[in-house]
Amino acid sequence: MALFGNRKRRTEVLERPEYGWIWKPLLALLVVYLLVCLVLGIWWSQRPEPFDVAQATTQRLGAPADAALPRGARLTASMLTSLETLLDKPGGWLRNDMLLPGVWLDNVPSWEYGVLTQLRLLGKSLPAMSPAGEDALQSANKALQSDSEDWLYPAAEKRYNQAQGALASYLAGIARGADGFTANGDGLASWLDAVSRRFSGLTQQLLASVDDPEALRELGVDDAALPEATPWFRIDNVFFEARGDSWGLLQLLKAARLDYADVLGKANGNATLERLIAELELAQRRVWSPVILNGSGFGIFANHSLVLANHTQAIAELAGQLAGSVQGVEVTAPKSGTRTTAVGTGGNDNTGAPGASEASTNAETGSSAQAAPAGGGNSGGSAGEGAQSNAGDDSGGSDMAAPPQTQQ
């Protein structure tokens, strides 16, 4: 009987095999996949380093570092390099990702949206700065306004590549002798005014993340005038979006400082510009905390949103002041045989106003701004596509920190 019983059991095993062993390799593959996604997520979450504006312009035009370039060449090259950074950084454009690990990430997509917003603001003002190249600049502006979360064909990356092509075409045109930016500050003032409104709106959003009404009242902020309180899971999104705006504006202003050196000098706006750049650099300091904290007062935990709001408020005010200074200012291009030399970041950048040729007129502008660190760190995610580019008119609060001291 035992013999027949064993034969029956072997028959049942052959007819109905047990496949439990298959789950072991599948589980191992899943674990490996998740580990790879984790490593990629950490790598893709690294913020790109700032680039050198003069070097980026030289690489795109193939011109010597001390060459006289038409007005607008550096600002256009800075836009191109910023857009290239967004598309070619590790992970590429993450905001419209629908697969792992990109779909898990929110800090870098929010940072991307902040940088893109600054490119959009400048893109809207470019036709006023250079009426001669209006077609190419309008095409670039239209492509930049595409939905940043669009992943269906044509995806957001394809539209932004089209914007790159239009900007590159315009840059090549002015390098060949076409008219560059106009020799007045009206277009620059329009852009800076839009920047001021944008950072005022960001300040409101950051203050709405502060869960301490008493601290806001001590700072003179009317909490009733603030937007609806930011949900806890979006505090980092708002924070990182503001960080992205600061990063993008910093690159563009360094280029504008060179392209509009004569306009800024005539408007006595160099000191204000240096203070503005100093505030933007302070807003880019490393965040040492692994998460964005929402502490209060002098407690154990910092309040990162409140610290960053301190800088965005100062940025909004300084941008508004600078816009008022350059509005209506007009300059004349240097005569043949002269060249304007503007002082750039870290030294003399021998680049002049449009039409300037080989000789020399040194307009040394610039000042070193020393700002006292305000403490705190940074991190965050994006406030979403619904955030308006020109948010708010004024921040509801008073000066939350003394502006950086400027030495001429």
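Author: Asn268 lies in the loop between α11 (261-266) and α12 (270-282), where helices are DSSP runs of H or I with at least four residues, strands are runs of E with at least two, and both are numbered from the N terminus. Although Asn268 is not a glycine, its phi is positive, at about 55°. The residue counts as exposed, because its relative accessibility is 67%; exposed means over 50% relative accessible area, buried under 20%, and partly exposed in between, for a 1.4 Å probe and with protein chains only.

This is a predicted model, in which local features need pLDDT of at least 70 and side-chain atom pairs count only at pLDDT 80 or more, while totals for chains, interfaces and linings use all residues. Residues are numbered from 1 along each chain as its sequence is written, and side-chain values use heavy atoms, with hydrogens and water left out.

The chain as a whole holds 13 helices and five strands, and buried residues make up 51% of its 408 residues. Its accessible surface, from the Shrake-Rupley method with a 1.4 Å probe and, for residues, with only the protein chains shown as cover, comes to about 19600 Å², of which 55% belongs to carbon and sulfur atoms. Among contacts with a separation of 6 or more, 77% join residues 24 or more positions apart, a contact being heavy atoms within 4.5 Å.

A nonpolar core is a set of buried Ala, Val, Leu, Ile, Met, Phe, Trp, Tyr and Cys residues joined through side-chain atoms within 4.5 Å. The largest such core has 85 residues, and Trp191 and Leu253 have the most contacts inside it. Helix α10 (residues 235-259) gives the most to this core, with 12 residues. Leaving aside residues up to four places away in sequence, Leu253 touches Trp191 and Leu192, and also Leu273, Leu276, Ile277 and Leu280.

Which helices, then, pack against α10? One of them is α8, whose axis lies 10 Å from that of α10 at an angle of about 160°; this makes α8 roughly antiparallel to α10. Axes here are lines fitted to C-alpha atoms, for helices over the stretch in contact, with angles running from 0 to 180 degrees between N-to-C directions, and angles under 35 degrees count as roughly parallel, over 145 as roughly antiparallel, 65 to 115 as roughly perpendicular and the rest as oblique. The crossing of α8 past α10 is left-handed: the near helix is turned anticlockwise from the far one by less than a right angle, whereas a right-handed crossing is clockwise. The residues of α8 that meet α10 include Trp191, Val195 and Phe199, and those of α10 that meet α8 include Phe239, Leu249 and Leu253.

Within α8 (residues 186-208) sits Val195, which is buried because its relative accessible area is 0%. Not counting residues up to four places away in sequence, Val195 touches Gln118, Leu121, Leu249 and Ala319. Gly320, which is 125 residues from Val195 in sequence, is 8.1 Å from Val195 in space, C-alpha to C-alpha.

The bond from Leu100 to Pro101 is cis, with omega near -5°, and Pro101 has its place in the loop between α4 (73-88) and α5 (107-129). Tyr153 and Pro154 are likewise joined by a cis bond, with omega about -5°, and Pro154 is found in the loop between α6 (134-144) and α7 (156-175).
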